[in-house]
Amino acid sequence: MPGILDTVRSFLGAERARLRPGQTVDIANLLPRAPRKIDLKAAKKMVTGKSILVTGAGGTIGSELCRQLVTFEPARLTLVDNAEFALYQIDLELKEAGHGDIIKSELTDVCRIEHLKRVFDRAEPDVVLHAAAFKHVPIVEENRCAGALVNVLGAKNVFDAAIEHEAESVVFISTDKAVNPTSFMGATKRIAELYAQALDVAQNDTRFVTVRFGNVLGSTGSVAPLFTRQIERGGPLTVTHPEIIRYFMTTREAIQLVLLAASLDVAENTIVTHDGRVFVLDMGEPVKILDFAKRMIEAYGLTPGKDIEIKFTGLRPGEKLFEEIFLDTDALVKTGAEGVLLASPAMIDLPLLNPRLSDVIDAAIKGDQPVLDEAVHHLVPEFSAMNGAEARAPNQSNR
C-alpha cells in the first residue's frame, strides 16, 4: 500500500495538473509588484569589449550576473568560485549557449591571495564584480571565523588585487543585513562595505561601487525553495515568526539594477560618485513571510491550515523581524535611474580602518572567536556578540 507521503505527493501532483499540464508555480507572481523594465544601455557600454571578472560566479547572484554580462559581449569573462560543481554548472551553461570563446573558469578561493593574484594576472580585468560571500545567517552565526575569512579577508584580497591591477571599477554586492546588523554575517558585510568606501575615497584610479539589496527570490537558502520543498512533502511550512517581514526581488531584476548602478558613471544625467557612498536598490514594499507562505500554498491549489499546516519555529540566531535597507540617518538621493537610490553611510578613513581590519582578520585566521567578536564590534559598534541571544529571547513562546 502507498504510504501517506506518496498519497500527498500524488494529491499535490493532481492539484498542480489542475493549474495546467506541466505548469509550475512562478513565485515572482506572488510578489505585490511586477518587476521593472530597466534600460541597460549604460551597462552594455561599461561591459562591451572589456575584460570582466566575477567572484562567486557559481552562486545564485554570481551566475545570474554572468548570464546577463555575456549578452553585452565582453572581450573576456572570468568566472571565479571555490565550489567546483557550482563553477562547472555555470561554465557548462555559458559554453553550451555559445560563449565558450570568452569564458575562463578559475577554481580559486578568494582567501588565498597568491592564488587570486595569479587569476588577476591572467584575467587583467577592467571590471570586477565581487559576489563571493558566506551569506546564510544562522550558519555564519555558528561559524564566525570562517565567515569573517571569506566576507572580510576575501573581500579585502579582491579589492586590493583590483587596485594593484588597475581595474577601472569594482562592484561589491552587499546586503540589507549590513545595516544596523544583529547578525555576524551582516556585520562582516558592513566591514567589507567600510573597506570599499575607504578605498573609493583614498584613490582615484579604481572606482568602488557598493550595491545593497535584500532577499532574492529563489536564491540558495531563501524561503521560496524551502517552501516549495515543504509543500511537496505535504507540509508543514516553517515560518520563524508570524510578524517577520522581508524585502524581495527577482534575481533577474536585482542583477539588472546592480548593473545599472555600476554603470551610472557612464550614463547620462546621473550622479557620478567617488566619495564612498552606497547604492541602495528600491525593492518596493516589504513582504510578510507568513502572507507569502499562504500565497505559495494557495498557488498549488491548496488551503493554508487545512491542506498544509504553517508552523512557527522562532527567530534564528542573528535574525531580525525586519531588515533595513538604510538607516534613518542616511540621506537618500535619487540617482536619475529608476530603482536605484544613493545612501551616505558613515565611513572610516583608510589609515584608521586598516589596523582594525587587521585585528578582525588575525583573529579569524587564529580561530579565536571571542577576540574576533570584540574586533568586529570595534568596527561595527551596532553589532554585539549577544545580539543573537537577544533576538531569540522574546520569541521562545513561538517554538
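## Side-chain pairs and burial in a predicted model

Lysine 156 and aspartate 160 both belong to helix H7, where they sit four residues apart, about one turn of the helix. In this predicted model, their side chains meet in a salt bridge with an N to O distance of 2.7 Å. Lysine 156 is partly exposed because its relative accessibility is 21%, against a limit of under 20% for buried residues. Aspartate 160 is also partly exposed, with a relative accessible area of 25%.

The structure holds 13 salt bridges.

| Salt bridge | N to O distance |
|---|---|
| Glutamate 93 and arginine 67 | 2.6 Å |
| Lysine 95 and aspartate 91 | 3.2 Å |
| Lysine 156 and aspartate 160 | 2.7 Å |

Glutamate 93 counts as partly exposed at 33% relative accessibility, and arginine 67 is partly exposed with a relative accessible area of 29%. A network of salt bridges links Glu64, Arg67 and Glu93.

Lysine 95 and aspartate 91 both lie in helix H4, four residues apart, about one turn of the helix. Lysine 95 counts as partly exposed at 39% relative accessibility, whereas aspartate 91 counts as buried at 13%.

Turning to the aromatic side chains, a search of the whole structure gives six aromatic pairs. In one of them, phenylalanine 159 and phenylalanine 172 have ring centres 5.5 Å apart and planes at 75 degrees, so the pair is edge-to-face. This pair links distant parts of the chain, with phenylalanine 159 in helix H7 (residues 144-164) and phenylalanine 172 in strand E5 (residues 169-175), 13 residues apart. Phenylalanine 159 counts as buried at 0% relative accessibility, and phenylalanine 172 is buried with a relative accessible area of 2%.

Phenylalanine 184 and phenylalanine 383 form another edge-to-face pair, with 5.8 Å from centre to centre and 70 degrees between the planes. Phenylalanine 184 lies in helix H8 and phenylalanine 383 in the loop between helix H13 (369-379) and helix H14 (387-392), so the pair ties together parts that are 199 residues apart in sequence. Both phenylalanine 184 and phenylalanine 383 are buried. Ring pairs also join Phe159, Phe172, Tyr195 and Phe208 into a cluster.

Lysine 189 is in helix H8 (residues 184-202). Lysine 189 counts as buried, at 3% relative accessibility. Leaving aside residues up to four places away in sequence, lysine 189 touches Ala133, Asn151, Phe172, Ile173, Ser174, Thr175 and Ala178. The C-alpha atoms of lysine 189 and serine 174 are separated by 6.4 Å, although these residues are 15 apart along the chain.

A search of the whole structure finds zero disulfides. Cysteine 66 is buried, with a relative accessible area of 0%, and cysteine 145 is buried, with a relative accessible area of 15%.

The mean pLDDT of the chain is 84, and 80% of its residues reach 70 or more. Over residues 1-23 the pLDDT is below 50, and this stretch has 19 contacts in the model beyond near neighbours in sequence. Residues 388-399 also have pLDDT below 50, with 22 contacts beyond near neighbours in sequence. Where pLDDT is low, the predicted coordinates should not be read in detail.

Conventions. Residues are numbered from 1 along each chain as its sequence is written. Side-chain values use heavy atoms; hydrogens and water are left out. A disulfide is a pair of cysteine sulfur atoms within 2.5 Å. Buried means under 20% relative accessible area, exposed over 50%, partly exposed in between (1.4 Å probe, protein chains only). pLDDT is the predictor's confidence in each residue, from 0 to 100. Contact means heavy atoms within 4.5 Å. Helices (H or I, at least four residues) and strands (E, at least two) are DSSP runs, numbered from the N terminus. Rings of Phe, Tyr and Trp (its six-membered ring) pair if their centres lie within 6.5 Å; planes under 30 degrees apart count as stacked, over 60 as edge-to-face and the rest as tilted. A salt bridge is a side-chain nitrogen of Lys or Arg within 4 Å of a carboxyl oxygen of Asp or Glu.
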